[in-house]
Amino acid sequence: MTKRREFIKKTSVLGAGILITPAITPNFFGDFESQKLNIGLIGVGERGTNHLSNLLLRKDVNITAICDIDPNRLDAAKDRMSKAGRSAPKIFGKNDYDYRNLLELKEVDAVIISTPWLWHTRMTVDAMEAGKYAGVEVSAANTLEECWDLVNTHERTGTHMMILENVNYRRDVLAILNMVRQNVFGELVHFRCGYQHDLREVKFNNGKQPYGGGVEFGEKGYSEARWRTEHSVKRNADVYPTHGVGPIAAMANINRGNRFVSMTSSASKGIGLHNHIVKQGGKDHPNAKVKFKQGDVITSTIETANGETILVTHDCNLPRPYSLGFRVQGANGLWEVDGNRIYIEGKSEPHRWDVADDWLKEYDHPLWKKYGEYAEGSGHGGMDFFVLNAFVESAKLKVAPPLDAYDAAAWSAITPLSEVSIENNGAPQNFPDFTRGLWIKRSPYHWMKDTY
């Protein structure tokens, strides 16, 4: 955050020069006050507060309303806004459905939804029904019915929604997308991705802090442990696919000239969460008796209409370093994020990997070249700035976002389809065509620009 404020301070010295310098977007510095977007925040927990902090650094938005059922989170959000010199927002949080009163406000143009997963679809649907441009955290839906709800509501109302998948804006991911668009890898053949992240101290804590310190969850847990862990108790599925699949879907033009066709999934046994409870809380702790349905490593293979395969891994219950496991492979070579390595036939030394750094620098995305310094400190290595910026700019223009309702549905559908496939010994599951055939002629989003 400090670096971002210094960046703003340095650029403000340019004064009127900002208005004629194409490398700077004036909206970030409040030059077009009439273009301000009025935003309501639904959910100001850890993730929602991060969005709030980033929005407070923008002069082209007003935060006019906030909703959360936890009064402590509301107080913290109001205090943060006051310290930033912003007007007090209208507050909602009387009950689970008070967000609907927020959606009735004329002074709300768009909403950002950062709530537990089971509320994502119903809140997004209600927002679109109310004519509010909706941004929803990942994943966007839990069932195939919910996936269709997102698409059907968007088509019926004409109101847009965006799935706020920040990894699509990660610096290396966008550099690789640039290489894909410039055909460096040749015709694409195979991808790997996933969510491989030790979440044991996210799923359990002491009821007082967000991460670790105990093995409580549910009503005795705090933050995500209050709700996220229940999905591991009740579902044997890839419950969090979009961090990996989102970037790959953009590279493969899913829903825009290509689509997911079918998927098979399998799950290992599940021992990681139980072992963690016993190790940290003892074998006599009540939670040591909980039976977790979710397998520790869930592997899914997706086939696309254009003939590529995508291997997706969910691995969150065992000790391991973080990795999204990306691999992008084509006729001319491949990139693997683990090992930070690239091989391009005719460019690399035969049968030897190149360190990826020079390639990533050469193909650095225009967005990162332009706003990389500003983005530092926004969260998750800077990509939180870019995904939020795409949402704000799309909402201001009232145009379809880069990651739309069809993307939200297709990516989120991996969860229920994996669940059914695992339950049926890896039986193939067909993906619904959420575009109803329009994927054939829809043009890919123009990712290679420096605006959003």
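A residue counts as buried when its relative accessible area is under 20%, as exposed when that area is over 50%, and as partly exposed in between, using a 1.4 Å probe and protein chains only. The model is predicted, so local features need pLDDT of at least 70 and side-chain atom pairs count only at pLDDT 80 or more, while totals for chains, interfaces and linings use all residues. Residues are numbered from 1 along each chain as its sequence is written, and side-chain values use heavy atoms, with hydrogens and water left out.

**Cysteines**

- The structure holds zero disulfides, a disulfide being a pair of cysteine sulfur atoms within 2.5 Å.
- Cysteine 193 is in no disulfide, and the nearest cysteine sulfur, which belongs to cysteine 316, is 13 Å away.
- Cysteine 193 counts as buried, with 3% relative accessibility, and cysteine 316 is also buried, at a relative accessible area of 1%.

**The largest pocket**

- The largest pocket holds about 1,500 Å³ of space, where a volume is the space filled by probe spheres set on grid points that are joined across faces, edges and corners.
- A pocket is an open set of points on a 1 Å grid over the protein atoms alone, where a 1.4 Å probe fits, with protein on both sides within 12 Å along at least five of seven lines, and its lining residues have an atom within 4 Å of a point.
- This pocket is lined by 49 residues, of which Ser114, Thr115, Pro116, Glu224 and Trp227 are the closest to its centre.
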